[in-house]
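Hello,

Here is the structure I promised to pass on to you. Please have a look at it first, and then read my notes below.

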Amino acid sequence: MNNFTIKDIESLTGIKAHTIRIWEQRYKLLRPKRKDTNHRVYDNVDLKHIMRIAYLYRHGYKISRIAGMSDEEIRQLSLEEGGQKGLHLHQVYVNQLVEAMIDFDQVKFEKVFHNVLLRMGFEQCMLKVIYPYLERVGLLWLVDCVIPAQEHFASNIIRKKLMAAIDGLDIPTLGTERFLLFLPEGEYRDIPLLFVTYMLKKHGCTVVSFGSNVSLEDLRFYTDRKPVDHIYTHLISNFPQKTLDTFAKNIGQLFPNIPVTVSGPQAARITQPVPDNIKMLLSMEELLLFARRKSAS
């Protein structure tokens, strides 16, 4: 069972701490425990409840109306609201995945994932639900509200779904573009790399992935023996600035004749001028154009 401060709840729901206090005092929507210092402490159940309340509140429901509902009515209405407004349905799914992760509820996590796949297809499932879910998990990490076991539990399920989807694609024909994918040393979060693997293979490319925590020397050993048209990597971890800049410089120098593409939230932190063969993808739109093998207009 996790403990959350009111500032954590504010960060995770977008509802100001002052507003949450008013809701508690005026409408009795939450009954948090108190520390010896009299500071509020919320648990997993509180977090899930306030996430549902925040969702309804943002979509036009008055807080006075929500306060008159039971916990089960609030839960059901948040599901119904998402079903009626397809634009917001993915937000409901993200919340459900977070809840299942917090509770280690594998059945619920897989059921939600399956429902999203049926409604959206695999690509849109990843873009509209799984990526926003991963961003939410990243926020939970920032406020120390998720433990590694919870992230590993959920990430392993997503990873298995991605691998199954990749295996289900047709084998590319000879003569297609050849991509070498990897994560550098110290980088272990491989879900974005797997998604790019799926997208490239879906669009007819040959993909060899070395996975996570790979040295540049291992890449060079491969490229000295096998033809490679492109190298791709994704940076998520908060590496020191010097490490990022050195990585960009080294990979450009080691593979001067191979285009190298770098994406991920940490790519924007690379400050030094990069070699001409390196291209940075700084948005999801750029990443999708790259993975779909389309040029930006």
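Let me start with Asn-95, which is buried at a relative accessible area of 11%; buried means under 20% relative accessible area, exposed over 50%, and partly exposed in between, with a 1.4 Å probe and protein chains only. Before going further, please note that this is a predicted model, in which local features need pLDDT of at least 70 and side-chain atom pairs count only at pLDDT 80 or more, while totals for chains, interfaces and linings use all residues. Residues are numbered from 1 along each chain as its sequence is written, and side-chain values use heavy atoms, with hydrogens and water left out.

Asn-95 sits in helix α6, residues 86-102 (helices are DSSP runs of H or I with at least four residues, strands are runs of E with at least two, and both are numbered from the N terminus). Not counting residues up to four places away in sequence, Asn-95 touches Met-51, Tyr-55 and Arg-136, where contact means heavy atoms within 4.5 Å. Ile-53 is 42 residues from Asn-95 along the chain, and their C-alpha atoms are separated by 11 Å.

Arg-52 belongs to helix α3, residues 44-58. Its relative accessibility is 17%, so Arg-52 counts as buried. With neighbours within four places in sequence left aside, the contacts of Arg-52 are Ile-74, Arg-75, Ser-78 and Glu-99.

Now for the chain as a whole. The protein chain has 13 helices and seven strands, and its C-alpha atoms fill a box of roughly 70 × 40 × 35 Å along the principal axes. Of its 297 residues, 48% count as buried. Among contacts with a separation of 6 or more, 70% come from residues 24 or more positions apart. Side chains in the protein chain include 39 positive and 33 negative ones, with the centres of the two sets 5 Å apart; Lys and Arg count as positive and Asp and Glu as negative, with His and the chain ends not counted, and each charge is placed at NZ of Lys, CZ of Arg, CG of Asp or CD of Glu.

Which residues touch the most other members of the largest nonpolar core? They are Phe-109, Tyr-133 and Phe-195, in a core of 72 residues. A nonpolar core here is a set of buried Ala, Val, Leu, Ile, Met, Phe, Trp, Tyr and Cys residues joined through side-chain atoms within 4.5 Å. Another core, of 21 residues, lies apart from it, and Leu-219, Val-228, Val-260 and Ile-270 are among its members.

Helix α10, residues 191-202, deserves a look too. Its 12 residues reach 16 Å from first C-alpha to last, close to the 16 Å expected at 1.5 Å a residue; the expected span is 1.5 Å times one less than the number of residues. Because 11 of the 12 residues of α10 are buried, the helix is largely enclosed by the rest of the structure. Phe-195 is one of those buried residues. After α10 comes Gly-204, with a positive phi near 90°.

Finally, some backbone angles. Lys-28, in the loop between α2 (17-27) and β1 (33-34), is a residue other than glycine with a positive phi, near 55°. Lys-28 counts as partly exposed, at 49% relative accessibility. Asn-213 lies in the loop between β4 (206-209) and α11 (216-223); its phi is positive, near 55°, and Asn-213 is partly exposed at 34%.

Best wishes
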